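Trainee: Could we go through this model together, starting with the ligand site?
Mentor: Gladly, let us open it.

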Amino acid sequence: MQIWMAASEMAPYAKTGGLADVIADLPAALAGAGAEVTCVLPFYRAIWEKIEVEDLGMDLSIELGDRQVRARILQGKADDGVRLFFIRRDEYFDRSSLYGTTRGDYDDNSERFIFFSKAACQLPRLLNQRPDIFHAHDWQTALVPLFIKLEKQVSGFFSGTGTVFTIHNLAYQGTFWGLDFPMMNLPDEFYSPAGLEFYGNINLMKAGILFADRLTTVSPTYAQEIQTQESGCGLHEVIRSRARDLHGILNGVNRQKWDPAVDPLIPAQYSVNDLSGKWTCRKALLEEMGLGADPKRKLPILGWVGRLAEQKGLDILLPAMDSIVDLPARVVFLGSGDDRYEQELRELEKRYPGSVAVRIGYDNRLAHLIEAGADLFLMPSRFEPCGLNQLYSLVYGTVPIVRSTGGLADTVRDWDGRSGNGFQFRGYDSPELLEAVGRAVAAFHAPGEWARIQAEGMREDHSWDRVAARYMEVYGGI
Ligand code: ADP
Ligand code: GLC
């Protein structure tokens, strides 16, 4: 099976969040299952700084409204049996970030990703290779299924190509003003509610939802939630109209990168059978974050890693911090994003020296150290399509405390005194969060119980091979 993927992120080259991890790991797992996989990505500055590429000396001419814009094709050094192609146009992608700066999104994002999606669709024809499946991810490539569908009507080239669109996060839809519509060169009828029009704007995510042969999202619970008015971000009706073709498939964990038994980024390795290395990591984390030593394990360390965005639950966590520190417990934060949260976290660190430590920025090594060295992992998300950090924390024996939403609900089972791999709470409010933190901290101080909770999480199988098999079923069903 020839599978093509178009996406806007891939770890470790270009990453803002979990999408990048998925685009690194899913194609490799599909290749491992026997598929021939090709990924197409924009040639960002971050990519040319990190990977060797070959200029194939080939150009595409992309129609953007009444302009023709050239794209250069580069090939990356194949990794994990996956072929990598990059679409180069420096005017769009040779920038310091993927989507924008702290001042906001780049104001030509519609043009950048319409261009990229068109180029990704033209590439198979340039190489004269017919994909069996073209799989697109999130709003940045949501036009791909539509362009393929329209191309089918004018030529036979994609007649055997099925399309799949994965929603990683419905909160980001690629909504732009209607004046960008002509850039897509679509028939006028697509500027309507049955097409891409969305309350006077255009909505690129809608293209993927409406026109892909199959839809997937990254957990079964999120697949249900996005069909409700409450969590459908205005698109619930459109999604509901495709409910029969929608599958919720949980993400996996890449054990070559995220496994305490082999992780080279942590100071000591460990496994469920011998957790002594975790104590070394714990000590190293306290030292690195400037928190005092705790050899008697009196003060549980709660870790938080992520994008500082409304999604991630800081609005209920920050007001609960006084009570968490009082338990007593310590909290370490690593994140970047919204200025407002960065400032609040910095103030919190000043208010509680020795109890709260904050690092603002993106730091993969520190993310690994927090996963390994913390005792508990906080993920009180307002919504969470899948979430990878809670999966990583399960693998690292760092017990997750999560709000029961999306993929968090599907992967964390509340400890009931006999079984469970973490702690859950339901309502999006600080008192419920605090109640769960209180139970988790009590369990932390009961060593026998604690070891059982840790072991239950550490023994689970989150392998990408199982996930890839699910995607193969979806591809095969088209
Ligand atoms: P999302 O995709 O919504 O951001 P996920 O939990 O799916 O959330 O994935 C987040 C990924 O990004 C994880 O691999 C996590 O370790 C990483 N990450 C997020 N913020 C940071 C940061 N500040 N430094 C290092 N890694 C980070
Ligand atoms: C999104 C979601 C996150 C998910 C990731 C990868 O960024 O916010 O929950 O894990 O995509 O699918």
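Trainee: Which residues come nearest to ligand 1?
Mentor: Of the 22 residues around ligand 1, the nearest are Gly-18, Arg-307, Lys-312, Gly-361 and Leu-388, where a residue is near a molecule if one of its heavy atoms lies within 4 Å of it. Keep in mind that this is a predicted model, in which local features need pLDDT of at least 70 and side-chain atom pairs count only at pLDDT 80 or more, while totals for chains, interfaces and linings use all residues. Residues are numbered from 1 along each chain as its sequence is written, chains are lettered from A and ligands numbered from 1 in the order in which they are written, and side-chain values use heavy atoms, with hydrogens and water left out.

Trainee: Which backbone atoms lie close to a nitrogen atom of ligand 1?
Mentor: A backbone N or O atom of Gly-361 lies 2.8 Å from a nitrogen atom of ligand 1, and a polar backbone atom of Asp-363 is 3.0 Å from a nitrogen atom of the ligand; a polar contact here is a pair of N or O atoms within 3.5 Å. For an oxygen atom of ligand 1, a backbone N or O atom of Gly-18 lies 2.6 Å away.

Trainee: And why does ligand 1 lie between domain 1 and domain 2?
Mentor: Domain 1 (2-252 + 465-476) and domain 2 (276-461) both give residues to the shell around ligand 1, so the ligand lies between them; the domain bounds come from an automatic or database domain assignment. The largest share of that shell, 3 residues, comes from strand 15, strands being DSSP runs of E with at least two residues and helices runs of H or I with at least four, numbered from the N terminus.

Trainee: What about Asn-185, is its phi positive or negative?
Mentor: Phi of Asn-185 is positive, near 55°, in a residue other than glycine, and Asn-185 sits in the loop between strand 10 (175-177) and strand 11 (197-198). Most residues other than glycine have a negative phi, and most peptide bonds are trans.

Terms used. Polar contact = N/O pair within 3.5 Å; in protein donor to acceptor, adjacent residues only side chain to side chain.
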